[in-house]
Amino acid sequence: MSRGSLKNVSRLIELANKEVPINESFLADYKRSVEIDANKYDGIPSQTFKPSGMNCKRGCYYQIMGVKPDTETASFNMVGICDSGTDIHVRTQTAIMGMKENGIDCEWIDVEQYIKEHDLDYLIVREKKGTETKLYDTRYGTYISFMCDGIIKYKGKYYIIEIKTESSNKWYSRTDVDKKHYHQAISYANSFNIDDVLFIYRERDLLNTKCYLFHVTREMKNDLVAFIEDVQGYVDRKITPPKEDLPTINCKYCGYLNHCKGDK
C-alpha cells in the first residue's frame, strides 16, 4: 500500500473515531478492558477431582492428567454473570450468618473448626477466603479439591449449604435439586460426614429464592467412591476412559469437548 493510501486510511479512522459519541466510545473501551482482564489467565486447572465435575469420567481424567482445556474467550456478559453470582453468594451467606442474632435457631459453623472437632484429618484447609473455605480431601490418591459455601447447625442438626444462581427461566421451572448437582452434594457429604445438603437456588434478576433438601445415602457415597476409584485406575494406566452416554447438558459447558471428540 502506498504512503498516500496509508494516509487516507488513517484519515478515515480518525474521522470515524471522531464521529463516535463519547458515551459509546467509553462503553466499548470499558467492555474491552473487562474482557482483557478476564482472559489474562490461560493456564491449566489444578490436577484434582472437582465435585462439580463428577458427572463425567472423561472430564475428570482430562483435568487430572493436566490436559489444557479448549481455548475459550470470556465475554463481557459472562464475566458479569460470574461476578453477580459471587456477590449473591456472599450476600446470602452473610444473611445466614445473621440468623442467630435474630433469635433463629441457626448457627453458622466455622468449617476449619468443624474439621478439627470431628477429627476429619484427611481434610486439608487450603485457604479461607471471605465466607468460603477451599479444601482438599486427600483420601483417594488424586485429591478432591472443592470450595464449601458453608455448614450450619439448624434446629440442632448439621447441614451443608450449597448456593446456586441461575436465570429466571431455569429458576421458575425448578421443582427440585438439579440432577447435575447430585454428585457435588454426595461428594461434600462424603467429605464432611454430613448426610443432608440444603441447596439454595437464587434467581439472578429479582433474587427470588427456592430451597431444597438433598439427603445423601450410604449407597450414593459408595457409588461415588467407585466412580473415583474407576477414574483413578484410568489415570494410573494413562488410558482415556470410554465415552459415556451422558445428558447433553453435561457436555454443553465442558472445557474438553475437542479432546473428547478426538479420542475414540
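Predicted model: local features only at pLDDT ≥ 70, side-chain atom pairs only at ≥ 80, totals over all residues.

Trainee: Which side chain meets that of Lys 128 in a salt bridge?

Mentor: The partner is Glu 112, and the N to O distance is 3.5 Å. Lys 128 belongs to strand 2 (residues 123-129) and Glu 112 to helix 5 (residues 111-117), so the pair links distant parts of the chain, 16 residues apart.

Mentor: The network of salt bridges joins Asp 110, Glu 112 and Lys 128. In total, the structure holds 12 salt bridges.

Trainee: How should I read a salt bridge between two strands?

Mentor: Take the side chains of Lys 157 and Asp 196, which meet in a salt bridge at 2.9 Å, N to O. Lys 157 is in strand 6 (residues 157-166) and Asp 196 is in strand 7 (residues 196-203), so the bridge ties together parts that are 39 residues apart in sequence.

Trainee: Is Asp 196 buried or exposed?

Mentor: Asp 196 is buried, because its relative accessible area is 5%. Lys 157, with a relative accessible area of 42%, is partly exposed.

Trainee: Which side chain forms a salt bridge with Arg 174?

Mentor: That is Asp 178, with an N to O distance of 3.2 Å. Arg 174 counts as buried because its relative accessibility is 11%. Asp 178 is buried as well, with a relative accessible area of 18%.

Trainee: Where is Tyr 212 found, and which residues does Tyr 212 touch?

Mentor: Tyr 212 is found in strand 8 (residues 209-215). Leaving aside residues up to four places away in sequence, Tyr 212 touches Arg 174, Thr 175, Asp 176, Val 177, Val 197, Leu 198, Phe 199 and Tyr 201. Its relative accessibility is 15%, so Tyr 212 counts as buried. As for Val 197, its C-alpha atom is 8.3 Å from that of Tyr 212, although the two are 15 residues apart along the chain.

Trainee: What should I look for in a pair of packed helices?

Mentor: Two packed helices are described by the angle between their axes and by the distance between those axes. Here, helix 7 (residues 182-192) and helix 8 (residues 218-237) pack at an angle of about 100°, and their axes are 10 Å apart. Helix 7 is therefore roughly perpendicular to helix 8.

Trainee: Which residues make the contact?

Mentor: Helix 7 contributes His 183, Ile 186, Ser 187, Ala 189 and Asn 190, while helix 8 contributes Met 220, Lys 221, Leu 224 and Val 225.

Trainee: Why is helix 3 described as largely enclosed by the rest of the structure?

Mentor: The reason is that seven of the eight residues of helix 3 (residues 57-64) are buried. The buried residues are Arg 58, Gly 59, Cys 60, Tyr 61, Tyr 62, Gln 63 and Ile 64. Their cover includes helix 8 and helix 10. Just after helix 3, Gly 66 takes a positive phi of about 80°.

Trainee: Which residues does Cys 260 touch?

Mentor: Not counting residues up to four places away in sequence, Cys 260 touches Arg 58, Tyr 62 and Lys 243. Cys 260 is placed in helix 10 (residues 257-262). Cys 260 is partly exposed, because its relative accessible area is 22%.

Trainee: Where is Thr 133 found?

Mentor: Thr 133 is found in strand 3 (residues 132-137), and at 6% relative accessibility Thr 133 counts as buried. Beyond residues up to four places away in sequence, Thr 133 touches several residues, including Val 125, Lys 128 and Phe 146.

Trainee: Finally, which residues form a nonpolar patch on the surface?

Mentor: Phe 26, Leu 27 and Tyr 30 form that patch, and together they have about 330 Å² of accessible area. Phe 26 lies in helix 2 (residues 22-38). Phe 26 counts as exposed because its relative accessibility is 58%.

Terms used:
Residues numbered from 1 in each chain as written. Heavy atoms only, no water. Patch = residues over 30% accessible without salt bridge, like charges linked within 9 Å, V, L, I, M, F, W, Y side chains within 5 Å. Areas by Shrake-Rupley, 256 points an atom, 1.4 Å probe, with all protein chains shown as cover. Salt bridge = Lys/Arg side-chain N within 4 Å of Asp/Glu carboxyl O. Helix = DSSP H or I, 4+ residues; strand = E, 2+ residues; numbered from the N terminus. Buried < 20%, exposed > 50% of the residue type's maximum accessible area, 1.4 Å probe, protein only. Axes fitted to C-alpha atoms, helices over the stretch in contact; angles between N-to-C directions. Parallel < 35°, antiparallel > 145°, perpendicular 65-115°, else oblique. Contact = heavy atoms within 4.5 Å.
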